[in-house]
Each structure stands twice: as structure tokens, then as C-alpha cells.
Amino acid sequence: PEHTELVKNVRTTFMTDDFVKYMSKIEAKLESNGNKFIAGTDTPTIADCALVPQLKHFTKGVLDHVPTTCLDEYKNIKAYVDK
């Protein structure tokens, strides 16, 4: 029970603070590079190979207290993940 509450608190704090901060930075980066890949290239790089699976993981519904809709407000990230 204590562990469950700890996980809830950590994830809830992450989603309301850090997640928003990091997604906003990724969203701005994609916007500034013309919605290409994360490094601004026309083809994927190793950075994309690392980032896309992590972003998809957030929306799979396997993490308690992380809503599957967490990327919905980030249109550039959603388009990036869907490439």
C-alpha cells in the first residue's frame, strides 16, 4: 500500500510538472525545425530511435496515473510519433 501511494505521488507530480516542461521543449523543437525529425533532419537519427518509443510508451496505458491522452495537446509531438 505504501509503495502504491508513492508511485501515485511520483507519477502525478511528474505528469503535472516535469512532463509538461519536457513535452513543451520537444514541441517547440519540432516546431522550430519545421516538424522534421528531432535533430532537424529529413530522416530519423538515433535520437528519434530513442525518443519515439518512450513517447509511445506514455500513451499505451501501462503506466498507472499516466493518462493515455497525455500527448493529445501536443500536435507536433503527435504528428512526429505518427510518422
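Two rings of Phe, Tyr or Trp (for Trp, the six-membered ring) form a pair if their centres lie within 6.5 Å. Planes under 30 degrees apart make the pair stacked, planes over 60 degrees apart make it edge-to-face, and the rest are tilted. The structure in these exercises is a predicted model.

**Exercise 1. Aromatic pairs**

State how many aromatic pairs the rule gives, then classify the pair F14 and F58.

Solution.
- Step 1: The count comes to 4 aromatic pairs.
- Step 2: The ring centres of F14 and F58 are 6.2 Å apart, and their planes meet at 25°, so this pair is stacked.
- Step 3: F14 belongs to helix α1 (residues 2-16) and F58 to helix α3, so the pair ties together parts that are 44 residues apart in sequence.
- Step 4: A residue is buried under 20% relative accessible area, exposed over 50%, and partly exposed in between. F14, with 27%, is therefore partly exposed. F58, with 11%, is therefore buried.

**Exercise 2. A second pair**

Classify the pair F19 and Y74, and say where in the chain its two residues lie.

Solution.
- Step 1: Here the centres are 6.4 Å apart and the planes stand at 75°, so F19 and Y74 are edge-to-face.
- Step 2: F19 is in helix α2, while Y74 is in the loop between α3 and α4; the two are 55 residues apart.
- Step 3: F19 has a relative accessible area of 2%, so F19 is buried. Y74 has 6%, so Y74 is buried.
- Step 4: Ring pairs join F14, F19, F58 and Y74 into a cluster.

**Exercise 3. The nonpolar core**

Name the residues of the largest nonpolar core that touch the most other members, and list the contacts of L55 beyond four places in sequence.

Solution.
- Step 1: The core has 19 residues, and those touching the most other members are F19, M23, L55, L71, I77 and Y80.
- Step 2: At least two residues of this core come from each of α2, α3 (46-58) and α4 (75-81).
- Step 3: Leaving out neighbours within four places in sequence, L55 contacts M23, L71, I77, Y80 and V81.

**Exercise 4. The surroundings of E27**

Decide whether E27 is buried or exposed, and find what E27 touches beyond four places in sequence.

Solution.
- Step 1: E27 is found in helix α2 (residues 18-32).
- Step 2: Its relative accessible area is 14%, so E27 is buried.
- Step 3: Not counting residues up to four places away, E27 touches Y74, K75, N76 and I77.
- Step 4: The C-alpha atoms of E27 and A79 are separated by 10 Å, although these residues are 52 residues apart along the chain.

Key
Residues are numbered from 1 along each chain as its sequence is written. This is a predicted model: local features need pLDDT of at least 70, side-chain atom pairs count only at pLDDT 80 or more; totals for chains, interfaces and linings use all residues. Side-chain values use heavy atoms; hydrogens and water are left out. Helices (H or I, at least four residues) and strands (E, at least two) are DSSP runs, numbered from the N terminus. Buried means under 20% relative accessible area, exposed over 50%, partly exposed in between (1.4 Å probe, protein chains only). Contact means heavy atoms within 4.5 Å. A nonpolar core is a set of buried Ala, Val, Leu, Ile, Met, Phe, Trp, Tyr and Cys residues joined through side-chain atoms within 4.5 Å.
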